[in-house]
Amino acid sequence: SPPEEVEDASELTKRDRSHLENTLKLNEEKPADDVSGVLQRLRKIYHSSIKPLEHSYRYNELRQHEITDGEITSKPMVLFLGPWSVGKSSMINYLLGLDNTPYQLYTGAEPTTSEFTVIMHGPKLKTIEGIVMAADSARSFSPLEKFGQNFLEKLIGIEVPHKLLERVTFVDTPGIIENRKQQERGYPFNDVCQWFIDRADLIFVVFDPTKLDVGLELEMLFRQLKGRESQIRIILNKADSLATQELMRVYGALFWSLAPLINVTEPPRVYVSSFWPHDYHPETHKDLFLKEEISLLEDLNQVIPPRMENKIAFIRQHAIRVPPHALLVDRYLQTYKDKMPPLSDGELVFRDIVEDPDPPLIFKSILAKTNVSKFDPPHREAYKDFFGINPITSFKLLSQQCSYMGGCFLEKIEKAITRELPDLLGSIGLGKKPNVLSCDVTGCGETPKNRYRKP
């Protein structure tokens, strides 16, 4: 059977890679898009209009998320998720041509990747420890420090001088293992996955057709992917290890298993191929697999142009969550000042307010504001913890957060959300014609569309 024949991979003939070079345009010397001006404007809007309110009301301590300059300037991220031993690392090795180099990712039949591995561009091949990556605020990974020392020991960076990595960063993840040992990782695995999912521009969920068990861990992963359906691509890897009839049966079984987990009208695209450097197994649909692979490469190409749109949308989404927090703290502080009798124990008075914020209608008054979504209300319990660390007396009222020259913090962030960021979004991509791809090239059956831009 095919799997037995691939035991000694060194004896297999290598696949021609010319379609990789051509489709990804790796040999073209073309000027990079001038995004530096847009990035500078985005950074200026964040620092002048969003960060002052965020910093003044310690929003990052509530959401555990602080945006760094490294995050604003980072490249698009392609995330590889899925069960263990489905070929995630082999796929990255293949796309980057890392096989038989000192920096190829470990592969094998057993669970081999226990780290979160970030593959990024650098002038020469080198590895970077997770602790060093997190300590460098110029990189986009410094917020990962919050997941603790045990996690940082499971984070590794690899710099590779590859042209594709000038445009994107790849992240390989530990495979999902459907058993209780998942709890023994020593760090919050699901939280770390969520951090990467929130920042990924494209998410490849990879499956092996010979093992399609959908267990609790995978169900949890798809719950975390809710709302990111437009970024998800399903990969049915190692497709040349099965006969055609068996492959069709597995394809149907995969959709059957995933249907309850992906509740969308348009299901994610599924790519059926074999992503590793060796020739397709004889007597399989080589032409189909090659077309599928080229179609996936075109998809990868499309993640790059809209990176600025994604960044602006990400910063704006972040900004929208800050005013409700500031308004809540302001209302708590005003209630505290109104209720505080002379010579009273301020801590006891405030504890009563936090324990029962309904009589002063603190939460209801904030939700009544037109710009606060009633579907994403602030969580009452979170504020008990928040004020346990941050005394109410350490904050100022919103009315005091204004200056003659600088204006008011709340007005500035509202202006950023409603005018500055949408104007910046409108200023990019003007005069550029969309790149319409031919299905003769991609074998896609439909004109590929930019799935990252709202219609």
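Reader: Before I look around, what should I know about the model and its numbering?

Author: Residues are numbered from 1 along each chain as its sequence is written, and side-chain values use heavy atoms, with hydrogens and water left out. The model is predicted: local features need pLDDT of at least 70 and side-chain atom pairs count only at pLDDT 80 or more, while totals for chains, interfaces and linings use all residues.

Reader: Thanks! How many helices and strands are there in the protein?

Author: The protein has 19 helices and ten strands. These are DSSP runs numbered from the N terminus, with helices being H or I of at least four residues and strands E of at least two. Of its 455 residues, 47% count as buried; buried means under 20% relative accessible area, exposed over 50%, and partly exposed in between, with a 1.4 Å probe and protein chains only.

Reader: How do I read the packing of two helices?

Author: Two packed helices are described by the angle between their axes and the distance between the axes. The axes are lines fitted to C-alpha atoms, for helices over the stretch in contact, and angles run from 0 to 180 degrees between N-to-C directions. Here, helix α9 (residues 189–199) packs with helix α10 (residues 216–224) at an angle of about 35 degrees, and their axes are 10 Å apart.

Reader: Which residues of α9 and α10 meet?

Author: From α9 come N190, C193, Q194 and I197, and they meet E217, M220, L221 and Q224 of α10. Contact means heavy atoms within 4.5 Å.

Reader: Now the aromatic rings. What makes a pair?

Author: Rings of Phe, Tyr and Trp (its six-membered ring) pair if their centres lie within 6.5 Å; planes under 30 degrees apart are stacked, over 60 edge-to-face, and the rest tilted. This structure holds 15 aromatic pairs. One of them joins F141 and W195 and is tilted, at 6.3 Å centre to centre with 45 degrees between the planes. F141 is in the loop between α7 (130–135) and α8 (149–152), W195 is in helix α9, and the pair links distant parts of the chain, 54 residues apart.

Reader: Are F141 and W195 buried or exposed?

Author: F141 counts as buried because its relative accessibility is 5%, and W195 is buried with a relative accessible area of 4%. Another pair, F386 with F395, is stacked: 5.9 Å centre to centre and 25 degrees between the planes. F395 is buried too, with a relative accessible area of 6%.

Reader: What lies over the face of F395?

Author: That is R58, at 4.7 Å from the ring centre. A charge sits over a ring if NZ of Lys or CZ of Arg is within 6 Å of the ring centre and within 35 degrees of the ring normal. R58 is found in the loop between α3 (36–56) and α4 (59–63), and at 24% relative accessibility R58 counts as partly exposed.

Reader: And how should I read backbone phi?

Author: Most residues other than glycine have a negative phi. R58 has a positive phi of about 50 degrees although it is not a glycine. K238, in the loop between β7 (232–236) and α11 (244–258), also has a positive phi, of about 55 degrees.

Reader: Last one: which residues does K396 contact beyond its neighbours within four places in sequence?

Author: K396 is in contact with Y57, L333 and Q401. The C-alpha atoms of K396 and Y57 are separated by 8.5 Å, though the two are 339 residues apart along the chain.
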